[in-house]
Amino acid sequence: MTAAIEFGGVTKVYKRIFSEERVEALTDISFTVSAGEVCGFLGPNGAGKTTSIAILMGFLFPDSGAVRVLDFPPGDIRAKAQIGFLPENFAFYRFLTGPQLLSLHLRLSGRSIPDPAALIAGLLAQVNLAGYESLRIARYSRGMVQRLGIAQSLIGDPQLVVFDEPTSGLDPAGRKEVLDLVHSLKEAGKTVFLSSHILPEVEQICDRVVIINRGRLVRAGRLDEILHTGARVEIAVDQLSEEAERAALEHGAQIDRGPHGIRLLVDAARKRELIETLWAAGCDVVRLNPVKDTLEEVFLNLVGGAR
Amino acid sequence: MKIRILAWITFLALLRNRLIILFFAVFVCVLLFMMSPMLIARSMTADNPEQGQGMEIMLISAVMSLVSGFGSLLAAWSAADAVASEMKTGTILAVLARPVRRWEFLLSKYCGVLMLMAVYVLFMFAISNLLALIGGARLVNNPWVLFVYPMVRYGIYAALAIWLVTLMHPIFAFAIVMIAGVAANLVAPSSTGAAFLPPWLHSGLFYLLPSMSLLSETNFLAITSASLEQTPWTQHLTALVYGLDQSLVCLLLAAWTFRRRGLTRE
């Protein structure tokens, strides 16, 4: 599988003119995103995500390291012709209407199609902006602007879509539509690189994640490898006597008494041992499930302590 | 194609720029205010047509200088703002994410400013003729001189402003363009305003700065056919090539400095 995005040892330092002040925004960042993958780019505020995306798009230049996008250097117009980009705070000519803006971006993308009006109408309908064709962008709400930004990023039929916080400003229904859209892009074989703070969404749609913190790469890899499926199990029991509880704690189990019953979380390697102890103490096991770490837990483990 | 589209968008954005609208409004008020002395001069010199024509030339020249000065401010500010506002608002990111080269973006901004200045020059042309008409005279000149000369002059101001705004804040860029314009007039051979400067600096500045007096259309302004000087086309060509060369150098410098400029706030 060919690489759509390659970061190799990228370092970026911000320096002030006439000052010794230096801020190392990125330090030796390396990762690869294969063509056709959906990659989540995660990190807390100030981690360097926007700087990385700016370098990827050719808006900023690294101090060292190499970046390739669709096998071209960033900023190369051959690469840009195949990229759809949604900036974090999408801004545009406020005096235009939605269709006028899309028409402008279609012409700038260089894409030649027989019926541009139908394409624009279709995209507006896809992002739920049909019916607002004559409204100037200056009068759009924050969510409408975001939807229009998503539509403009898709107008050139890109091979690589770079979304910086695509669900920002959207209501839950709008967020779901964006997730569905990313799914459909994946099914169409497009590569999607998205930065987001909403980790459950990223977990739903991404094949790969790249996590950075304070300008350094913390973790990069396929999501299924990162989430350690099967490392722990959840045992649900109907009751838990004092004796059984003591035994469970001795086995290193975590006990959770919730409204839906009693759950014990234990390492998969010790499950048989614990279940036998519970049976011996007269407890009935009603459910046994492997526990999958959530992306949020993994993220907080990796980033939370370092913040 | 891309340059044409972006130039048109730039032109539309400039027409909606509040500062430029305010600028135009103030300018029209000043022009209307200046019509009063024109009408007074006409009524006072009704018995003496020759004296009247002299006053007409003087007043029209004053108005033309004023209009020209306003035009220089407008060209420099529009050019600086056209680039800086895109960077400030972030619209440049969506545009340059498209297959548009950075120099194409700058050139489109420049063309958009020239479109605005073309409208301004046509307006200026109409005002000059209106003033002459009010004064009872008729301007005798080639319309192309009244159009092309100011356009080339404003083209220099706009190109210089675009170059400077790739390096600094637009207000500083605008101020430097204005200072350069004033300095160019002071070191012109016909001016004694900078006689205190050492000769090497005086001549150095004269060769370096764009000579606006050379590109002034008032050199060719006449009220009557009798006073119209015949200018050889070679002289026009030399003056205009000089102006275009200044613009080209500034645009090339702008493209060079913008090539590696960070587009997001660092």
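Student: In which hand of crossing does H3(A) pass H5(A), left-handed or right-handed?
Tutor: The crossing of H3(A) past H5(A) is right-handed. Keep in mind that this is a predicted model.

Student: At what angle do H3(A) and H5(A) pack, and how far apart are their axes?
Tutor: The angle between H3(A) and H5(A) is about 30°, and the axes are 9 Å apart. The two helices are therefore roughly parallel to each other.

Student: Which residues make that contact?
Tutor: From H3(A) they are Gly98(A), Leu101(A), Leu102(A) and His105(A). H5(A) supplies Leu148(A), Ala151(A) and Gln152(A).

Student: And H3(A) with H1(B), what's the angle there?
Tutor: About 150°, for helix H3 (residues 98–109) of chain A against helix H1 (residues 2–15) of chain B, with axes 9 Å apart. H3(A) and H1(B) are therefore roughly antiparallel to each other. H3(A) makes a left-handed crossing past H1(B). On the H3(A) side the contact uses Leu104(A), Arg107(A) and Leu108(A), and on the H1(B) side Lys2(B), Ile5(B) and Ile9(B).

Student: OK, sheets. What's the strand order in the open sheet of chain A?
Tutor: S5-S6-S7-S3-S8-S9, which is 6 strands with mixed pairing. Strands S5 (83–86) and S9 (216–222) of chain A are at the edges with a single partner strand each, so one side of each has no neighbour in the sheet. From one strand to the next, the twist averages 10°.

Student: How do S3 and S7 of chain A pair, parallel or antiparallel?
Tutor: Parallel, over 4 bridges, with S3 covering residues 38–42 and S7 covering residues 191–195 of chain A. Phe41(A) is opposite Ser195(A), and Gly40(A) is opposite Leu194(A).

Student: What about S6(A) and S7(A), parallel or antiparallel?
Tutor: Parallel too, and 5 bridges join S6(A) and S7(A). Asp164(A) is the residue that stands opposite Ser195(A) there.

Student: How many residues of S7(A) are buried?
Tutor: 5 of its 5 residues, so S7(A) is mostly covered by the definition of buried used here, 20 or more other C-beta atoms within 10 Å. Thr191(A), Phe193(A) and Ser195(A) point one way from the strand, while Val192(A) and Leu194(A) point the other way. In a regular strand, side chains alternate between the two faces of the sheet.

Student: Which strands does H1(A) lie across?
Tutor: Helix H1 (residues 49–57) of chain A lies across S3, S5, S6, S7 and S8 of chain A, running at about 150° to S6(A). Helix H5 (residues 142–154) of chain A lies across S5 and S6 of chain A, at about 165° to S5(A).

Student: Further along chain A, what does S10(A) pair with?
Tutor: Strand S10 (residues 232–237) of chain A pairs with strand S12 (residues 261–267) of chain A in the antiparallel sense, over 6 bridges. Arg232(A) stands opposite Asp267(A) in that pair. S10(A) is also joined by 6 bridges to strand S13 (residues 285–291) of chain A, again running antiparallel. Val237(A) has Val285(A) as its bridge partner in S13(A).

Student: Switching to chain B. How many helices and strands has it got?
Tutor: Chain B has 9 helices and 0 strands. Of its 266 residues, 38% count as buried. Among contacts in chain B between residues at least 6 apart in sequence, 81% join residues at least 24 apart.

Student: Is Val119(B) buried or exposed?
Tutor: Val119(B) is exposed, with 12 other C-beta atoms within 10 Å. The residue sits in helix H5 (residues 102–134) of chain B. Its C-alpha atom is separated by 16 Å from that of Asn129(B), 10 residues apart along the chain.

Student: Last topic, the largest nonpolar core. Which residues have the most contacts inside it?
Tutor: Ala158(B), Ala161(B) and Ile162(B), in a core of 132 residues. Beyond neighbours within four places in sequence, Ile162(B) is in contact with Ala79(B), Val83(B), Leu106(B), Lys109(B), Tyr110(B), Leu251(B) and Ala254(B). Another core, of 12 residues, lies apart from the largest one and includes Ile235(A), Ala247(A), Ala248(A) and Leu278(A).

Note on methods: Residues are numbered from 1 along each chain as its sequence is written. Chains are lettered from A and ligands numbered from 1 in the order in which they are written. This is a predicted model: local features need pLDDT of at least 70, side-chain atom pairs count only at pLDDT 80 or more; totals for chains, interfaces and linings use all residues. A nonpolar core is a set of buried Ala, Val, Leu, Ile, Met, Phe, Trp, Tyr and Cys residues joined through C-beta atoms within 7 Å. Two residues are in contact if their C-beta atoms, placed from the backbone, lie within 7 Å. Two strands pair if DSSP finds at least two bridges between them. Axes are lines fitted to C-alpha atoms, for helices over the stretch in contact, and angles run from 0 to 180 degrees between N-to-C directions. Angles under 35 degrees count as roughly parallel, over 145 as roughly antiparallel, 65 to 115 as roughly perpendicular and the rest as oblique. A crossing is left-handed if the near helix is turned anticlockwise from the far one by less than a right angle, and right-handed if clockwise.
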